Amino acid sequence: MPTVGWHDALEERTMQGQPEYSGGCQCGAIRFQARGELTHSSICHCRMCQKAFGAYYAPLVSVRGVQFSWTRGQPRYFQSSNVVRRGFCADCGTPLTYEAPDGVAVAAGAFDEPERLPPTIQYGVERKLPFVDSLASLPARRTEEDIAALDFLAKIVSHQHPDHDTPHWPPRS
């Protein structure tokens, strides 16, 4: 029996030969769709991106030159500088966009399948935190291997929106 490979799965997510991508915020109040080839994924280490994402760096995917639309809800915005504004979900706080005069970039982690969008370049490396390059060498373990947290983990009920489009959210009971 033939197996379905990554390229086959990608073929299924296209319309008229154009790749399709979807995503949204953590709570599901905001969803988006992009149609077209997304070829410019980056990581920005500048201090403004670190603060906006609350992280060591910001992974972003440019949607310049593709069809992009909000399919549920609209982001709120913070004008982080005189030329850049940043979109986020007002309900859950998820960072969603970096918007500058030359285009819009969407937070890579907000895509339903971020593994399809590996970074191709890093920006703002003068502010890269000194330990970032060694993160992959840290000890690593799967969530279920944290024996001390198993009781806690067993009690978690996720309210996070699933990684696919839904007709409405939250689910109606």
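Buried means under 20% relative accessible area, exposed means over 50%, and partly exposed lies in between (1.4 Å probe, protein chains only). These legends describe a predicted model, in which local features need pLDDT of at least 70 and side-chain atom pairs count only at pLDDT 80 or more, while totals for chains, interfaces and linings use all residues. Residues are numbered from 1 along each chain as its sequence is written, and side-chain values use heavy atoms, with hydrogens and water left out.

View 1. With a relative accessible area of 1%, C49 is buried. Setting aside neighbours within four places in sequence, C49 is in contact with C44, A58, L60 and R86, where contact means heavy atoms within 4.5 Å. Take R86: 37 residues separate C49 and R86 in sequence, and their C-alpha atoms are 9.6 Å apart in space.

View 2. Strand 4 (residues 41-44) pairs with strand 11 in the parallel sense over 3 bridges. Look for S42, whose bridge partner in strand 11 is I121.

**View 3. T94 sits in a loop between two strands.** The loop holding T94 lies between strand 8 (85-88) and strand 9 (95-100). T94 counts as buried, at 14% relative accessibility. Not counting residues up to four places away in sequence, T94 touches C25, Q26, G87, F88 and C89.

**View 4. Salt bridges join charged side chains.** A salt bridge is a side-chain nitrogen of Lys or Arg within 4 Å of a carboxyl oxygen of Asp or Glu, and the count by this rule comes to 9. One of them joins R116 and E113 at 3.3 Å, N to O; R116 is buried at 9%, whereas E113 is partly exposed at 24%. Another links D151 and K155, with the closest N and O atoms 3.2 Å apart. Here D151 is exposed, at 53%, and K155 is exposed too, at 60%.

**View 5. Aromatic rings meet in pairs.** The whole structure has 6 aromatic pairs; rings of Phe, Tyr and Trp (its six-membered ring) pair if their centres lie within 6.5 Å, and planes under 30 degrees apart count as stacked, over 60 as edge-to-face and the rest as tilted. The ring centres of Y21 and F111 are 6.3 Å apart and their planes stand at 85°, so this pair is edge-to-face. Y21 is in strand 2 (residues 18-24) and F111 in the loop between strand 10 (103-107) and strand 11, so the pair ties together parts 90 residues apart in sequence. Y21 is buried at 7%, and F111 is buried at 2%. Together, Y21, F32, F68, W70 and F111 form one aromatic cluster.

Notes:
Two strands pair if DSSP finds at least two bridges between them. Helices (H or I, at least four residues) and strands (E, at least two) are DSSP runs, numbered from the N terminus.
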